[in-house]
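Student: I have a model open and want to go through its packing. Can we take it step by step?
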Amino acid sequence: MKKDTLLARAGRDPARHQGMVNTPVFRTSTVIFPDRASYEARGGDDYKKVRYGLYGTPTTFALEEAVAQMEGGHAAVALPSGLAALAVALWAFLKTGDHVLLPDSVYAPTRNFCDRRLQPNGIEIEYYDPLIGAGFEKLLRPNTRAVFCEAPGSLSFEMQDIPAIAAAAHARGLPVLADTTWGTPYFFRSFEKGVDVSIHAATKYIAGHSDVVMGMIVTNERHWLTVRRAVADYGYGVSPDDCYLTLRGFRTIGVRMNQQMANALKVARWLQSRREVKRVIYPALEGDPGTPCGSAISPARRPFFRSCWPRVTGTRRRSSMRSSFSASARAGAASRASRSSRRSRPTARRRSGIRAAPPSGCTSASRIRTTSSPTSSAALPPCKKRDP
Ligand SMILES: Cc1ncc(COP(=O)(O)O)c(C=O)c1O
């Protein structure tokens, strides 16, 4: 089935709801069964059947099923926020004495959670260069229990080589967790790239209308119960009204993302033509280290990156996995950082509208802070750690 057809159909079962196209909002806490036999006759995965409001109603299940199907996962669970989803997913796989690897470009509140909650509980946290790719296995320790990815990375938008990282992790039997908020279940087929546990701030592109806060964790079959039980153990549940809104928003993710992609590219290219902007760091732009022609990606891995980017309007363009706001915010940061050197730049290229390759030697790896490769960039300031 084509993904846009799937978007229209997934999570719908009118026959079970008196012909209603959308699964209605079911509000409940207690659920009454006539007898034990009928409770047990529900069969199957206990977390996908109605038993108590906290564990979901048909409204929750409709959303979870739609997102899991779109992304190609086994099952999904909804949580009250993206950050809650990230925290529970990490807790589900880690305990005292374990070691976990996260990219240095990880979403700052995820980093806060690791530094403030996991680390004081005796879990070793290590941040790696998000563009490491080959050689990742050297970072694995005997007590490593999980590998975390985020692509594109928060704010600095490094495109990680997830298949290479996943291959190294899987060779050691380790689960790969990924924050795929920017990629979305619509554009990024996480499980085909080696992700085992995909985590979303559904607050963003999935819900899509700035009227709900929601997290989702999608897993493969192997890790489903580990994650779902952790969510139950922490007592997380979501409002059926929020699930209804999120699913309503999700139905239009295709048209929204495609339009946003086109808009963001226009804005990014316009920013590139501005004299006050030194460089736009945006994986969808030709020449960015996150693109298949980017300098940070080995030729052997380029087919993978190419497969991540759908085509647009005839010519081979790469999709935007980020908003135009982010493009301009990043460009603004680059601009502020480079204002002092502005006068020495030639002007011809600025006005030409032709996209320039990144300055030689300026790869994504050189513009981030990392514990594993502590390089710094003269071109851009290091990413600032937010502390909300
Ligand atoms: C990449 C990423 N992950 C997770 C989150 C957290 O989502 P929420 O705001 O729903 O907690 C965000 C929010 O901005 C995000 O950008």
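Student: Which handedness does the crossing of helix 4 and helix 5 have?
Tutor: Helix 4 passes helix 5 in a right-handed crossing. A crossing is right-handed if the near helix is turned clockwise from the far one by less than a right angle, and left-handed if anticlockwise. Helices (H or I, at least four residues) and strands (E, at least two) are DSSP runs, numbered from the N terminus. Before going on, note that this is a predicted model: local features need pLDDT of at least 70, side-chain atom pairs count only at pLDDT 80 or more, and totals for chains, interfaces and linings use all residues. Residues are numbered from 1 along each chain as its sequence is written.

Student: At what angle do helix 4 and helix 5 pack?
Tutor: About 45°, with the axes of helix 4 (residues 82–93) and helix 5 (residues 108–118) 10 Å apart. That makes helix 4 oblique to helix 5. Axes are lines fitted to C-alpha atoms, for helices over the stretch in contact, and angles run from 0 to 180 degrees between N-to-C directions. Angles under 35 degrees count as roughly parallel, over 145 as roughly antiparallel, 65 to 115 as roughly perpendicular and the rest as oblique.

Student: Which residues make the contact?
Tutor: Helix 4 brings Leu83, Leu86, Ala87 and Leu90, while helix 5 brings Pro109, Thr110, Phe113 and Leu118. Seven residues of this contact are nonpolar, one is polar and none is charged. Two residues are in contact if their C-beta atoms, placed from the backbone, lie within 7 Å. Ala, Val, Leu, Ile, Met, Phe, Trp, Tyr, Cys and Pro count as nonpolar, Asp, Glu, Lys and Arg as charged, and the others, Gly among them, as polar.

Student: And helix 4 with helix 8, at what angle do they pack?
Tutor: Those two pack at about 115°, with axes 9 Å apart, and their crossing is right-handed. Val88, Ala89, Trp91, Ala92 and Phe93 of helix 4 touch Thr226, Val227, Ala230 and Val231 of helix 8. The classes in that contact are eight nonpolar, one polar and no charged.

Student: How many bridges join strand 1 to strand 7?
Tutor: Five, and strand 1 and strand 7 (residues 215–219) run antiparallel. Ala78, for instance, has Met216 in strand 7 as its bridge partner.

Student: Where is Pro152?
Tutor: In the loop between strand 4 and helix 6 (162–171). A cis peptide bond joins Ala151 and Pro152, with omega about -10°. Leu155 is found in the loop between strand 4 and helix 6, and its phi is near 70°, a positive value in a residue other than glycine.

Definitions and conventions. Pairing = 2+ DSSP bridges.
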